Amino acid sequence: MRHLITALTLIMALPFASVAWASPAFTLVIKNHQFQPAVLEIPAGERVRLTVRNQDATPEEFESYSLNREKVIAGNSTGVVFVGPLDAGEYDFFGDFNPDTAKGKLIAK
């Protein structure tokens with residue numbers, strides 16, 4: 001009986017499972033106040049999970065007006081930003097604390 005209840009609970013929970021599991025995942029690294037890679041291609045029309053790893057000792061903010069996203073990533077830590085689904089095109093982002101050097105672009109294809 002316990003196995004039946006466990007199985008039914010799992011089946012009932014499936015529609016509520018996080019779409020993050022199904023989202024394509026990409027990684028951006030912040031190092032020396034620069035995003036690496038500076039240009040990242042992602043699939044158009046899909047929700048995408050961006051893992052942002054800040055390897056600098058100081059915080060940085062992932063910010064994008066075209067993506068309507070901003071997230072502060074503490075020094076030597078990781079953050080996640082979800083974007084999309086996006087139309088095909090180019091979407092600029094930058095580091096708000098180092099805007100002269102921390103620049104990047106997502107290209108949705």
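Author: We may begin with the side chains of Lys109 and Glu41, which are joined by a polar contact of 3.4 Å. A polar contact here is a pair of N or O atoms within 3.5 Å; within protein, one must be able to donate a hydrogen and the other to accept it, and residues adjacent in sequence count only if both atoms are side-chain atoms. This is a predicted model, in which local features need pLDDT of at least 70 and side-chain atom pairs count only at pLDDT 80 or more, while totals for chains, interfaces and linings use all residues. Residues are numbered from 1 along each chain as its sequence is written, and side-chain values use heavy atoms, with hydrogens and water left out.

Reader: Is Lys109 buried or exposed?

Author: Lys109 lies in the segment after β9, where strands (E, at least two residues) are DSSP runs numbered from the N terminus. Apart from residues up to four places away in sequence, Lys109 touches Glu41, Ile42, Pro43 and Ala44, contact meaning heavy atoms within 4.5 Å. Buried means under 20% relative accessible area, exposed over 50%, and partly exposed in between, with a 1.4 Å probe and protein chains only. Because its relative accessible area is 63%, Lys109 is exposed.

Reader: Which strands stand at the edges of the open sheet of five strands?

Author: That sheet has mixed pairing and the order β3-β9-β8-β5-β6, two strands being paired if DSSP finds at least two bridges between them. Each edge strand has a single partner, so one side of each is left without a neighbour in the sheet, and these strands are β3 (39-42) and β6 (69-73).

Reader: Which residue in β9 is the bridge partner of Leu40?

Author: β3 pairs with strand β9 (residues 103-108) in the parallel sense, over four bridges. Within this pairing, the partner of Leu40 in β9 is Leu106.

Reader: Which backbone oxygen does the side chain of Tyr91 reach?

Author: Tyr91 belongs to strand β8 (residues 89-95) and is buried, with a relative accessible area of 13%. Leaving aside neighbours within four places in sequence, Tyr91 is in contact with residues including Gly104, Lys105 and Leu106. At 2.8 Å, the side chain of Tyr91 reaches the backbone oxygen of Asp87.

Reader: In the open sheet of four strands, which strands stand at the edges?

Author: The order in that sheet is β2-β1-β4-β7, again with mixed pairing. Each edge strand has a single partner strand, so one side of each lacks a neighbour in the sheet; the two are β2 (34-36) and β7.

Reader: Which residue in β4 is the bridge partner of Thr27?

Author: β1 and β4 run parallel and are joined by six bridges. In β4, the bridge partner of Thr27 is Thr51.
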